[in-house]
Amino acid sequence: MLLRIDTPTRIDLLAANHTVEEMRDYIGCDSLEFISLENLRSAIGLDGECCDACLTGSYPAPTPVALGKSGGRW
């Protein structure tokens with residue numbers, strides 16, 4: 001069974017378009033923090049063993065300029 005995350009377009013992603021303060025106000029929380037990529041890698045103990053392109057934007061292969069939902073299955 002293949003599991004995947006259906007990520008919206010960049011314009012739909014809250015963190016891609018708003019400051020931490022704006023997101024905190026939108027969510028209605030007192031505080032909001034993000035873990036650094038370095039600390040995430042350390043926390044999961046898989047440094048260098050898994051793809052982090054969705055977090056860094058550094059993909060191992062060229063990607064199309066416009067990505068969209070294909071409506072199909074992987």
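These numbered points comment on a predicted model of one protein chain.

1. Overall make-up. The protein chain contains four helices and zero strands.

2. Burial and surface. The protein chain has 74 residues, and 4% of them count as buried. Its accessible surface is about 7,000 Å², and carbon and sulfur atoms account for 54% of that area.

3. Contacts along the sequence. Take the contacts in the protein chain between residues at least 6 apart in sequence: 16% of these join residues at least 24 apart.

4. The salt bridge. How many salt bridges does the count give? The count comes to one salt bridge. The partners are Arg41 and Asp52, whose closest N and O atoms are 2.1 Å apart. Arg41 belongs to helix α3 (residues 37–44), while Asp52 sits in the loop between α3 and α4; the two are eleven residues apart, and the pair links distant parts of the chain.

5. Exposure of the two partners. Is Asp52 buried or exposed? Asp52 has a relative accessible area of 19%, so Asp52 is buried, the cut-off being under 20%. Arg41 has a relative accessible area of 29% and is therefore partly exposed.

6. Thr56 and its position. Thr56 is part of helix α4, which covers residues 53–56. Its relative accessibility is 37%, so Thr56 counts as partly exposed.

7. What Thr56 touches. Leaving aside residues up to four places away in sequence, Thr56 touches Leu37 and Arg41. Arg41 is also the residue that forms the salt bridge with Asp52. Thr56 and Leu37 are 19 residues apart along the chain, and their C-alpha atoms are separated by 8.5 Å. That separation is between C-alpha atoms, whereas a contact is judged on heavy atoms within 4.5 Å.

8. A polar atom of Thr56. Which backbone atom lies 3.1 Å from a polar atom of the side chain of Thr56? The backbone nitrogen of Ser58 does.

9. Cysteines. A disulfide is a covalent bond between the sulfur atoms of two cysteines. In this model the count comes to zero disulfides. Cys29, at 24% relative accessibility, counts as partly exposed. Cys51 counts as exposed because its relative accessibility is 60%, and exposed means over 50%.

Note on methods. Residues numbered from 1 in each chain as written. Predicted model: local features only at pLDDT ≥ 70, side-chain atom pairs only at ≥ 80, totals over all residues. Heavy atoms only, no water. Buried < 20%, exposed > 50% of the residue type's maximum accessible area, 1.4 Å probe, protein only. Polar contact = N/O pair within 3.5 Å; in protein donor to acceptor, adjacent residues only side chain to side chain. Areas by Shrake-Rupley, 256 points an atom, 1.4 Å probe, with all protein chains shown as cover. Disulfide = S-S within 2.5 Å. Salt bridge = Lys/Arg side-chain N within 4 Å of Asp/Glu carboxyl O.
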